[in-house]
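Here is a short walk through one protein model. Start at a pair of strands, then widen the view step by step.

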Amino acid sequence: MWKHKHLLEISYLSAQDIESVFTLAERFLNFMNRGVRKFPALKDFSMVTLFFEPSTRTRISFELAARNLSANVIHFDTSSSSLQKGETLYDTLKTLDAMGFDFMVVRHKWIGAAHWVAQNVSARVINAGDGTHAHPTQALLDAFTIKYFLGTLQDVRIAIVGDILHSRVARSDAVAFLKLGAEVMLCGPPALLPSQMKRENILLTYDLDEALNWADVVIALRLQKERQKQGLIPSLKAYNRDYGLTPERLAKIDKKIWIMHPGPMNPGVEIETAVAESNVSWILSQVKHGVAVRMALLYLLAQVKN
Ligand code: CP
């Protein structure tokens, strides 16, 4: 039985909660694959998206998901809002909450921003990414994609490769994958692979070839150039040489591995376009599944009264 009003972190969900999102998402996906795209479920609901960091996938996916469920959807444009006249974020939230939004989808560079919003509004709040901390809906859609293609996450070996230090996706993915029975390996250069992330069932390696030979599924992460402090990596060229997913590198692996990337990608840095567009890539399926997963999540959150 779903009991969560907000989705702030994947760690707050049980494996059963995650499976209930997947069951519903698969139903929505099946309908959409048959051309049925509009459902009346949230026709009396409204959602505002508050993105204080750039986004393509997450924001558009949420807006499409809510529209598919017939909700009213408003995007809060930070650059033309009264924040520019000095209105505080707190007063902004109180103002939007007074308009009666049922959902607020929040992305912010501050760790804990969505938690703080949830404490101050009556709307249901979804964390669409808070700094380097959490990105729970990306974890849900990543786990859904693996289950969709492999049938289970139980004992599946998943390597997450790249800029682990700055990655909210890596943190949320690892939690979701472990809850669903997968094994996780984190791989990256020493400066981008915090040793405190090692724990039971999470392996760490600096060696990409070790990760590729171990894994069934490899998730390449975007090198977050905007969050790099000087000196963490020698150069983009060196990073590509040591941690880039290239056709040549994958050709040396003696088994089939599936490739994922949460996007946006840096082609030629952590992944080559030829790999991203190859027949072992699930990257566009991740995007497609994201809409169905977010529809399922909105539907379930809507069942919990304010
Ligand atoms: N994966 C992801 O969060 O992408 P966006 O930044 O485009 O939303």
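This is a predicted model. Begin with strand β3, residues 103–108. Five bridges join β3 to β4, and the two strands run parallel. Strands of a sheet pair through backbone hydrogen bonds, either parallel or antiparallel.

Now step back to the whole sheet. It is open and has four strands. Read across it and the order is β2-β1-β3-β4, with parallel pairing. Which strands form the edges? They are β2, residues 72–76, and β4, residues 124–130. Each of these pairs on one side only. From one strand to the next, the twist averages 15°.

Next come the helices. Helix α3 spans residues 89–98. It lies across β1 (46–51), β2 and β3. Against β3, helix α3 runs at about 160°. Helix α11, residues 283–302, also packs on the sheet. It touches β1, β3 and β4. The direction of α11 makes about 145° with that of β4.

Look for it in the loop between β1 and α2, the helix at 57–68. Is E53 buried or exposed? Its relative accessibility is 14%. Buried means under 20%, so E53 counts as buried. The side chain of E53 also has a polar partner: it makes a polar contact with the side chain of R168, at 3.0 Å.

Methods:
Residues are numbered from 1 along each chain as its sequence is written. This is a predicted model: local features need pLDDT of at least 70, side-chain atom pairs count only at pLDDT 80 or more; totals for chains, interfaces and linings use all residues. Side-chain values use heavy atoms; hydrogens and water are left out. Two strands pair if DSSP finds at least two bridges between them. Axes are lines fitted to C-alpha atoms, for helices over the stretch in contact, and angles run from 0 to 180 degrees between N-to-C directions. Contact means heavy atoms within 4.5 Å. Buried means under 20% relative accessible area, exposed over 50%, partly exposed in between (1.4 Å probe, protein chains only). A polar contact is a pair of N or O atoms within 3.5 Å; within protein, one must be able to donate a hydrogen and the other to accept it, and residues adjacent in sequence count only if both atoms are side-chain atoms.
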